[in-house]
Amino acid sequence: MVDGGRRTRGEVMSGTRDEPLVSIITVVRNGAPEIEQTIAAIVGQTYPDIEYIVVDGGSTDGTIDIVRRFEEQIDYWISEPDDGLYDAMNKGVRLVSDPDAYVMFANSDDHLHAPDAVELLVRRGGGADFVYGKQVLTDGTVSAVVGGDVTLDELARKNISHAATLVRRRVFDTVGSFDLRYRIVADYDFFVRCFSHPVKTKFVDEIVSDVSMFGLSETQFMTLLTERLDVITRRFHGVSRLSGMGQIYCYDIPRNFLRGQLRKHGLLTRWRAMKGV
């Protein structure tokens, strides 16, 4: 294990009631092509009280060399093997000590949309424990803005992006950490638990992040649906459960099949341009 950053020299960030600390966590493993853009977008934010933490899974591609170049702008970074994405995200949460701090994830293929993205979420979040906005989903060529205000019942059919979300550190103590039985949808399961628990939520109608659609969820689509179906059957009941299952069987699976056929015939990009990603 190796680590570094301002915290190792005794420099500790703090916030106030009006300007709470925002602890942004970047989880990465062998992300050298993207990590510098991710870091630059975070250290360039206008919000004054940001604590930046990088959790690296033992990269061997030069990622840590890039992280070291930003040593003076990163509060804490650590590099050691982990048990996957959500194990690393849980580790990042444990590194946040202020219970009133907001936790935000901006992983190596996620980029904050604008320099004031964090500030807009905090200022317009009204002090809620769970604040979320919209994201741009892109494949580098075609993009679409996704996200909106949701209720617990609607979460059976919809989702929220962790890269467009602020969650108070104390919420993780109340509802639990990311469930490592899920390799792809542990964030979705966590959001459902937050909405099921009396956690104050607030939607902010602003674009927060740009997210690549070629992540784990895109390349392992059927695993994603299997895990999501498990969350729906465990966390929802009655009409909500039926609507979530219907979304998967009647829309998500047929849509994925159609996308595969369009990709096979070289028509996927044109279809995305017409219908959105």
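Buried means under 20% relative accessible area, exposed means over 50%, and partly exposed is what falls in between. I start there because one residue in this predicted model needs that cut-off.

The residue is Asp 210. Its relative accessible area is 22%, so Asp 210 counts as partly exposed. You will find Asp 210 in strand 10, which runs over residues 201–212. What does Asp 210 touch, leaving out residues up to four places away in sequence? The list is Asp 109, Asp 110, His 111, His 113 and Val 136. With His 113 there is also a polar contact, side chain to side chain, at 2.8 Å. Ser 143 is 67 residues from Asp 210 in sequence, and the two C-alpha atoms are 9.2 Å apart in space.

Asp 56 sits in strand 3, residues 50–56. Is Asp 56 buried or exposed? Asp 56 is buried, and it has no salt bridge. Arg 29 is the nearest side chain of opposite charge, and it is 7.0 Å away. The side chain of Asp 56 does have polar partners. One is the side chain of Ser 59, in a polar contact of 2.4 Å. Another is the backbone nitrogen of Gly 58, which lies 2.9 Å from a polar atom of the Asp 56 side chain.

Next, the nonpolar cores. The largest has 45 residues. Among those with the most contacts inside it are Ile 25, Phe 105, Phe 172, Phe 178 and Phe 190. Helix 6, residues 186–196, gives this core its largest share, seven residues. Apart from this core lies another, of 31 residues, including Ile 24, Ile 66, Val 118 and Val 208.

Not counting residues up to four places away in sequence, Phe 178 touches Phe 105, Phe 172 and Phe 190, and its other contacts include Tyr 86, Met 89 and Arg 193.

As background, an α-helix has 3.6 residues a turn, so residues three or four places apart point the same way.

How values were computed:
Residues numbered from 1 in each chain as written. Predicted model: local features only at pLDDT ≥ 70, side-chain atom pairs only at ≥ 80, totals over all residues. Heavy atoms only, no water. Core = buried A, V, L, I, M, F, W, Y, C linked by side-chain atoms within 4.5 Å. Buried < 20%, exposed > 50% of the residue type's maximum accessible area, 1.4 Å probe, protein only. Helix = DSSP H or I, 4+ residues; strand = E, 2+ residues; numbered from the N terminus. Contact = heavy atoms within 4.5 Å. Lys, Arg positive; Asp, Glu negative; His and termini not counted. Salt bridge = Lys/Arg side-chain N within 4 Å of Asp/Glu carboxyl O. Polar contact = N/O pair within 3.5 Å; in protein donor to acceptor, adjacent residues only side chain to side chain.
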